[in-house]
Amino acid sequence: MSTVTPPSSGGGSKGLVFWAILTTGLASFMAGLDNLVIITALPTIKDKLGGSLADLEWTVNAYTLSFAVLMMFGAALGDRFGRRKLFTLGLLLFTAASAAAALAPGIGMLIAARAVQGAGAAIVMPLSVTLLTVAVPADKRGAALGIWGAINGLSIAAGPLVGGTIVEHLSWQWIFWLNVPIGLLLAPFAFTKLAESRIAQSRLDAVGTVLSGLGLFGIVLGLVKGHGDGWTSAPVLSGLIGGAAVLVLFVLWENRTPHPMVPMRMFRNRAFSGINLAGVLMSVGMFGAIFLLTQFLQNIQGYSAMSAGVRLLAWTAMPMVVAPLAGMISDRIGGKPVVALGLALMTFGMAYWAFVLEPDVSYAAQLPSLMICGAGMAMFYAPLMNLTMGSVAEHEQGIASGVTAATREVGAALGVALLASIFSANGGYASPQNFVDGITPAMWVGAAAVGLGTLSMLLVPGRRKDSSRPVPAVTSPAEQNAPAAAR
């Protein structure tokens, strides 16, 4: 069980809740933003640092790989040594790696710094969810996680806008320098304002950690290399088949070890499995769509990086408006119908966008799709983590958040690779019409993936009463250091 003591009145003070939302929200914003913020800066980075096309791809993939591979390990470290402590260390690691990326003299050093950035993000992201869950009373948790979901959803979709604006008005290095003052400011607040929690007598599963890391590394590596090297090439097949085989070994090990990193019985829970499957399928569609949509606006419709980002605000700004409302509604009616409706809206929006696509399609014709997808994404992210936390026992919430975040990262890598491959098989960059010939079927596949996610969510069991499970407590830093008898 968690070392956090039971509350006397059902929740923490407003001050602690405010600091928990602010600190975890901003930290997860930085981690999410760096998924895609570099995309619009790649041409400038190539001019300044040199490197091949493969090198440029690795400036993106190095972050995604380490982020996905180390996510569950980051959650397990927090459970063992203290979530607040590890969250702060992860934040400082991410900040230091951001400074190293800004100072990188060559493309190789930039790739290495991006990998370390991903490791820091892999600690920050899952622990931000569990720290926020501990800090907020159960009856207000949906709204708080809705705000967190709005910030997280915005960070992912706003990457191209932020990157394009910084490159156009400052320099590519400021994409990374931007993280440094924010990280240095947040770290002391995280350590002093957040309540500490850990799992009593938790032990690290070293074998499981290595097996899960190697398995995910092989699969994600195969996914990100598939488009460039070919899906039947030896490196890609070795990564996919080898990674899958290692993950089978991971499952076998977790079922027999007395202290598993990921208790396999969690996946026998229909709610937990359905939520994670929906998250993977949503990421496949959303990340693949944003990757292609950014190129369509710039390469085909002639917008600058910043102008394309501004036009994406119809998508990216919606979570800030809709997600808090969706979180509050989920507190009243449960998260399942809200998430399912959000996925259905995204499916419709992506299908509509594929239907109207033409080289000279007006922005007004694309606007309904962007707004519908943005609202749907907000409704998905807002209650998702609350649903995840509610589907497992309290002492499993840390690793549950790590599993959910890791599966979404794998889905993102799959989405970019899958939709890019479909695009290349049906079109290309030879002409505007050739580009549309490729992107249209890719968008239909993305819509189908999100549609399957909707079906998966509809099969998740309905809401359980919050009162049926213990409410985790929030203790102030002073109370955490007081003798047990004084509490």
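Which helix holds the place of Ala190? I looked it up, and Ala190 is in helix H8, residues 179-193.

**Ground rules**

I am working from a predicted model, where local features need pLDDT of at least 70, side-chain atom pairs count only at pLDDT 80 or more, and totals for chains, interfaces and linings use all residues. Residues are numbered from 1 along each chain as its sequence is written, and side-chain values use heavy atoms, with hydrogens and water left out. Helices (H or I, at least four residues) and strands (E, at least two) are DSSP runs, numbered from the N terminus.

**H8 and Ala190**

I checked burial next, where buried means under 20% relative accessible area, exposed over 50%, and partly exposed in between (1.4 Å probe, protein chains only). Ala190 counts as buried because its relative accessibility is 0%. The buried residues of H8 are Asn179, Val180, Gly183, Leu186, Ala187 and Ala190.

For helix length, the expected span is 1.5 Å times one less than the number of residues. H8 has 15 residues and should span 21 Å; its end C-alpha atoms are 20 Å apart, which agrees.

**H9**

Leu223 sits in helix H9, residues 206-229. With 8% relative accessibility, Leu223 counts as buried. I find its C-alpha 9.6 Å from that of Leu237, which is 14 residues away along the chain.

**H11**

How many residues does H11 have? Helix H11 runs over residues 270-300, so I get 31 residues by. Its first and last C-alpha atoms are 44 Å apart, close to the 45 Å expected at 1.5 Å a residue. H11 is mostly covered, with 24 of its 31 residues buried. One residue I checked in H11 is Asn276, which counts as buried at 4% relative accessibility. Asn276 and Ala406 are 130 residues apart along the chain, and I find 9.6 Å between their C-alpha atoms. After H11 comes Gly302, with a positive phi near 80°.

**Cavities**

Rolling a probe the size of a water molecule over the atoms shows where empty space is left. A cavity here is a set of points, on a 1 Å grid over the protein atoms alone, where a 1.4 Å probe fits but cannot get out; lining residues have an atom within 4 Å of a point. Grid points are joined across faces, edges and corners, and a volume is the space filled by probe spheres set on the points.

I count two cavities of 30 Å³ or more. The second largest cavity holds about 50 Å³. Its lining is Ala289, Leu293, Trp315, Met350, Trp353, Ser369, Leu370, Cys373 and Met443. H11, helix H15 (335-356) and helix H16 (363-390) each give two or more residues to that lining. Which element gives the largest share of the lining of the second largest cavity? I find that H16 does, with three residues.

Key. 1 Å grid on protein atoms, 1.4 Å probe; cavity = no way out; pocket = protein on both sides within 12 Å on 5 of 7 lines; lining within 4 Å.
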